[in-house]
Amino acid sequence: MLPVHERLAELYTLSRKRPLTQAEDAELQQCLQANAKYCWEMACLNNAALLAAAVNDTAWLQDTTALMTELRFTGRTAKRK
């Protein structure tokens, strides 16, 4: 889990108890944007992994799996070649 996901959960929990402040609401929007980007990138990598498996390209599959692992732990991936 990335820190942005932890903060998103925290802001959600706060919003269930009281209205968020303007700063908290802005932070919530930033967290939602970061989460959407993360989900999009993970979906793209997952699709690439499925394609790599379908065509039996083990090098591509290993590269894609490594990128997925990197994204899961850091929230970012290295530039692709």
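Guide: Let me begin with burial: a residue is buried under 20% relative accessible area, exposed over 50%, and partly exposed in between, using a 1.4 Å probe and protein chains only. With a relative accessible area of 66%, Asn 56 is therefore exposed. Asn 56 sits in the loop between α2 and α3, and its phi is near 55°, a positive value in a residue other than glycine.

This is a predicted model, in which local features need pLDDT of at least 70, side-chain atom pairs count only at pLDDT 80 or more, and totals for chains, interfaces and linings use all residues. Residues are numbered from 1 along each chain as its sequence is written, and side-chain values use heavy atoms, leaving out hydrogens and water.

Now to the helices on either side of that loop. Helix α2 covers residues 22-54 and helix α3 residues 58-74; their axes come within 9 Å and cross at roughly 160° (helices are DSSP runs of H or I, at least four residues, numbered from the N terminus; axes are lines fitted to C-alpha atoms over the stretch in contact, with angles from 0 to 180 degrees between N-to-C directions). The pair α2 and α3 is therefore roughly antiparallel, a term for angles over 145 degrees. Contact, meaning heavy atoms within 4.5 Å, involves Tyr 38, Glu 41, Met 42, Leu 45, Asn 46, Ala 48, Ala 49, Leu 51, Ala 52 and Ala 53 of α2, and Trp 60, Leu 61, Thr 64, Leu 67, Met 68, Leu 71 and Arg 72 of α3.

Several of these residues return in the largest nonpolar core, whose 8 members are Leu 2, Tyr 38, Met 42, Leu 45, Ala 49, Leu 67, Met 68 and Leu 71 (a set of buried Ala, Val, Leu, Ile, Met, Phe, Trp, Tyr and Cys residues joined through side-chain atoms within 4.5 Å). Both α2 and α3 supply at least two residues each, and α2 gives the most, with 4 residues. Apart from this core lies another of 5 residues, including Leu 8, Leu 11, Leu 20 and Cys 31.

Two more residues complete the view. Not counting residues up to four places away in sequence, Leu 2 touches Tyr 38, Leu 71, Arg 72, Phe 73, Thr 74 and Gly 75. His 5, in helix α1 (residues 3-17), touches Asn 35 and Tyr 38 by that rule, and at 18% relative accessibility His 5 counts as buried.

Technical notes. Parallel < 35°, antiparallel > 145°, perpendicular 65-115°, else oblique.
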